[in-house]
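Open the model in your viewer and keep the selection panel at hand. We will go stop by stop.

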Amino acid sequence: MGWPGAGGGHVADSRITGAVAELGAGLCVAVKQAGPIPLAAEFVCQPGELLALVGPSGSGKTTLLRTIAGLYRPQNGHVECAGDVWFDAKRKHSLPPQRRQVGMVFQDYALFPHLTALENIQLPLGHLPQSQRLAQAEQWLAKVRLDGLGKRYPNALSGGQRQRVALARALARDPKVLLLDEPFSAVDQVTRRRLQRELALLRQQIEIPIVLVTHDLEEATALADQICVLHNGVSLQQDSPEALFSRPASPLVARLLDRHNLFEGTVVEVAGQRRLQWGETYLEVAEGLANLPLGETVAWYLPPSDIVLHRRDRPSQGERENPLAATVSEVVVLGGITSVSLRVNHGDMLRFDIATHAARRNQLTRGAVVNVSLLAAGIHLMPGHRVRADAHDKRK
Amino acid sequence: MDWSALSVSLRLAASTCLILIPIAIWLGRALAYARFRGKGLCEALIALPLVLPPTVLGFYLLLSFGRDAPVGSLWANLTGSGLNFTFTGILLASLIANLPFAVQPIQRAFEHVPHNLREAAWCSGLSPWQTLLRIELPLVWPGIMSAAALTFAHTLGEFGVILMVGGAIDGETRTLAIAIYDRVQAFDEQGAAQMSVLLLLVSFITLGLVYGLAGRRRWARG
């Protein structure tokens, strides 16, 4: 298993074991089982870092979160946090949720309906002497900006307020890891934006690993330091959002991240130089081409930001880099952004977004022929993968 | 007015509630949360007193409480006395006859406690026992109250089972309901009417109190 060689692709195992050595206070999870919910996932999260588990529904995100909390016990695996082993299937060791010190925000918040907001937050303060609990709970209430609402029952709070109470309750326990299960899915978009902002601010005050489960890629990109992509219970890649979006480990990861511009090319030699043959074009590639055998067909990906559209009237930067003529096949205006699809001679489609005013200025209309450059540094090779065959997970 | 019958009735109803409710909490919770083979059979057995004619139930209880039957002989070995025609006997019969009235409302209430509330309690550091006391019981309290009300009122009004197992021994097994029947048989309509009104009032007040208490939950009102 793992990702042979390619740029940002990590060999999952070595990354995890390497991380464990330097870990200390972080969270380290490795889970494997064949059924009833198939799982093969590994990820790490450093203190103060926010790791987003993303993937389509049914990819095992929530099960992994529950595994960390001790609410689910997989057949094989290991969960370690802040130097303590919480779960080790080999030693048949598993701490109950009560002894794991996790702060968990449930998807529908799971506030206790018969307790007021303040009482909800007081409940996990069992580790403090009775006299301090009320003051501590009130501090938390103020921290999530709900002062004055402590006497309300959950049914008298708005969705956003409930979420804040749930967050305060999770943090009140002084947890060693904060787990957020789709915490923004049950509120309207305006509230969601505000809560996301608050979480980003709150994060700066807490020095523990935070694991966020979400199916919203934008949310993950905006909030996370690290993203772990899951598919059918398998963790495919963990990396920073930037690295992930520019260097997905496989076409499957790219697709799960809603990336387009996935193609296949063949390694060739032209005038003594390694090139990637793509249809009738010989592409210059900045990285990774030299180690590949001639004649090999590889999947490759190009981030839309590395497609440069040349203006008709004057030459632009990078014009000499992998220049290409293509026909505009689709122009979709989505407010201020226009999504443009270009058909290259041999039939593949390049897709990228540009500002709507730029699209107008360049007279991008269906059927128009335009010149673009594919920046050599952006071309990301995925050796060992084919675009088609990879539609389904083929990892062994 | 047969005051000893009233006393027997109240003692019987109160004892049935006190003994049965804790059992019903345990049983109702187990049936609500656990998944096991034969759960349906278990639920059917508990619900049986609901559909059996009281005389049929009373008849089988009378048989099994006899000194030749396993239950009766076991009891006789343990305590030296029989079960039939004693207060203990009608109490035991009343516990069995009231099983569905006590278990079912509590089981439904536990079923309506979202599972993730218990998980949230565990994640808040509460032990299973603390979770039961501080989260689950407050949430199922209305179910417990209605179980208690139903059990109490049903015991006050029970006739067939008590008559079969207990007969009508003054101060021991003659409940108010049986005393009323006796009065009517003796053409003492005035005595029967007095006791009927009393039974009606006691039942009504009990139910009113219990439902009133159960309804006082600020958090449940939207």
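Start where the two chains meet. Select the 17 residues of chain B that are in contact with 18 residues of chain A. Keep in mind that this is a predicted model.

Which elements of chain B give two or more residues to the side that touches chain A? They are α7 (115-123) and α8 (128-157) of chain B. Now colour the side of chain B that touches chain A by residue class. You will find 10 nonpolar, 5 polar and 2 charged residues.

**Next stop: α7(B) against α8(B)**

Hide everything but these two helices. Their axes come within 10 Å, and they cross at roughly 135°. Is that roughly antiparallel or oblique? An angle has to be over 145 degrees to count as roughly antiparallel, so α7(B) is oblique to α8(B). The crossing of α7(B) and α8(B) is right-handed.

Show side chains here. On the α7(B) side, select B:Leu117, B:Arg118, B:Ala121 and B:Trp122. They meet B:Thr131, B:Ile135 and B:Glu136 in α8(B). How many residues of each class does this contact hold? The contact of α7(B) with α8(B) has 4 nonpolar, 1 polar and 2 charged residues.

**Zoom out: the whole of chain B**

Switch to the cartoon view of chain B. Count the helices and strands: there are 11 helices and 0 strands.

Of the 222 residues in chain B, 40% are buried. Look at the contacts in chain B between residues at least 6 apart in sequence: 74% of them join residues at least 24 apart.

**Last stop: chain A**

Select chain A and give its two domains separate colours. Domain 1 covers 12-101 + 175-256, and domain 2 covers 262-389. Note that domain 1 of chain A is listed in two segments. The centres of the two domains, taken over C-alpha atoms, are 34 Å apart.

Zoom in on the contact between these domains. It takes 7 residues from domain 1 of chain A and 8 residues from domain 2 of chain A. On the domain 1 side, pick α8 (241-246) and α9 (251-256) of chain A; each supplies at least two residues. By class, the domain 1 side of this contact divides into 4 nonpolar, 2 polar and 1 charged.

How values were computed. Residues are numbered from 1 along each chain as its sequence is written. Chains are lettered from A and ligands numbered from 1 in the order in which they are written. This is a predicted model: local features need pLDDT of at least 70, side-chain atom pairs count only at pLDDT 80 or more; totals for chains, interfaces and linings use all residues. Two residues are in contact if their C-beta atoms, placed from the backbone, lie within 7 Å. Helices (H or I, at least four residues) and strands (E, at least two) are DSSP runs, numbered from the N terminus. Ala, Val, Leu, Ile, Met, Phe, Trp, Tyr, Cys and Pro count as nonpolar, Asp, Glu, Lys and Arg as charged, and the others, Gly among them, as polar. A residue is buried if 20 or more other C-beta atoms lie within 10 Å of its own, exposed if 12 or fewer, and partly exposed in between; C-beta atoms are placed from the backbone. Axes are lines fitted to C-alpha atoms, for helices over the stretch in contact, and angles run from 0 to 180 degrees between N-to-C directions. Angles under 35 degrees count as roughly parallel, over 145 as roughly antiparallel, 65 to 115 as roughly perpendicular and the rest as oblique. A crossing is left-handed if the near helix is turned anticlockwise from the far one by less than a right angle, and right-handed if clockwise. Domain bounds come from an automatic or database domain assignment.
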